[in-house]
Amino acid sequence: MGWVVLSFFIALVLDSVSLGATFQAFNPPWTVLVLIYWCWVLPAQVGPFTGFCVGLLLDVLSAGLLGLHALGGSLVGLLTNRLRVILGRSTLWRQALVVWGMVLSYKAVVGWIQSLFTTTDLDFVYWLSSLVVVLAWPVVYTLLKELTPIKRRA
Amino acid sequence: MAIERSRQSSSFAGFFALVMACAVIMFADTRTSFLEPVRLVLGLVVTPVQFVAGVPGEVGEFIDTWLESEESVRAVYDELVDENARLRFRLQRMQALEMENRDLRRILSAPQRGETRVLVGELLEVSVDPYKQNILINRGATDSLYVGQPVFDPDGLLGQVGEVMPLSSAVVLITDPSHALPVQVTRNGLRAIAVGTGQPDRLRIVYLTPNDDIRKGDRLVTSGLGGRFPAGYPVATVSEVVEDAGEPFLRVTASPIARMAHNKHVLLVWHGASASRSRERSR
């Protein structure tokens, strides 16, 4: 369990590192990716509730509406639990596409609620930036698989 | 198989419960202040994350200062000494004026202006949300900051404290799309509302009709209405006034005087009642 907490900590740090205004939108949602990984590998321990807790931390970090990312996190937890079998049977790149779909739905929920409360308009960049996930997923997957002793039971 | 199915259905029920919990939390967060202690506790949990995330920025800064030549540092130092002398001279005059102002107010039996207390905070190089105009500073509940506290930079109004965590707090800039503040034109005292646009160099001045006297180049200061910001501090300069015959209101844009997100240091201000309150607390 220590590995899970540690990886979430690192992901939260990566999410909040400042990259400057231009690149910030293209910083992949590391926490969501790590959440998907653990939901998949440890389905009995990590699920929607973990997503909810991590999402609350993201809410406080982003200094925004409390409960917004928590909702997104719960959704990702549920989706991964449902699509566990598909993830297990796919190659790395097809996995990345499935993960991209999950991140898109996460962004849709978060963005939609955010636009209800503020006048933020969800521009093209908001959706386009999610494509980075396709590149980031293999990195997250490989690192977590090689560096942590926790293995997925086939 | 049966076990598998029951586990799945329970996870759907669990998810539904979580969604309801999120809805309740979001409602409570927008309408009430019940969740302030929760935020404080969670803020304590994420504080290490913020400090670790700030490290790359600090390292970059360290390398910058390390690479800087002695002459350039010397030049900046001389400039600062110069400026300090000039500012202190102006302060002498300010003190005299302040005394005079106080006497005049007494003669007119107008209420005295409240005192202000200032604390310097430092920007943490941490991204908050690219779709919001927010910054993070290294002062928090331990410095008795409060939500809604005005934040300045050396040039003008920067924003207000939006969220207080134990050791850090988030500042909502006046350019955030969810932010609006009452302002006044220095030239004629016209009152208006300045709303953020989400772009760091632009504010929108809303609800001014073509009859209102506002021009390009007008300076806008805080009007002090609403009591959140002290009156008379520079906010923005009007950069464009467009009159559209089909629209009931003027389209006025202004550029903020404070340099959004370019300053390393910000000033946290306690004014009026909050100044005396915070003084009492620190005793």
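A nonpolar core is a set of buried Ala, Val, Leu, Ile, Met, Phe, Trp, Tyr and Cys residues joined through C-beta atoms within 7 Å, where buried means that 20 or more other C-beta atoms, placed from the backbone, lie within 10 Å of a residue's own. This is a predicted model, in which local features need pLDDT of at least 70 and side-chain atom pairs count only at pLDDT 80 or more, while totals for chains, interfaces and linings use all residues. Residues are numbered from 1 along each chain as its sequence is written, and chains are lettered from A in the order in which they are written.

**View 1. The largest nonpolar core.** Among the 90 residues of this core, those that touch the most other members are Leu33(A), Val34(A), Ile36(A), Leu158(B), Val171(B) and Ala194(B).

**View 2. The surroundings of Leu33(A).** Beyond its neighbours within four places in sequence, Leu33(A) is in contact (C-beta atoms, placed from the backbone, within 7 Å) with Pro28(A), Val99(A), Val133(A), Ala136(A), Trp137(A) and Val140(A).

**View 3. Helix α4(A) with helix α2(B).** The axes, which are lines fitted to C-alpha atoms over the stretch in contact, with angles running from 0 to 180 degrees between N-to-C directions, come within 9 Å and cross at roughly 85°. The two helices are therefore roughly perpendicular to each other, a term that covers 65 to 115 degrees. Leu56(A), Leu57(A), Val60(A) and Leu61(A) meet Arg39(B), Leu42(B), Gly43(B), Val45(B), Val46(B) and Val49(B) in this contact.

Terms used
Buried ≥ 20, exposed ≤ 12 C-beta atoms within 10 Å, placed from the backbone. Contact = placed C-beta atoms within 7 Å. Helix = DSSP H or I, 4+ residues; strand = E, 2+ residues; numbered from the N terminus. Parallel < 35°, antiparallel > 145°, perpendicular 65-115°, else oblique.
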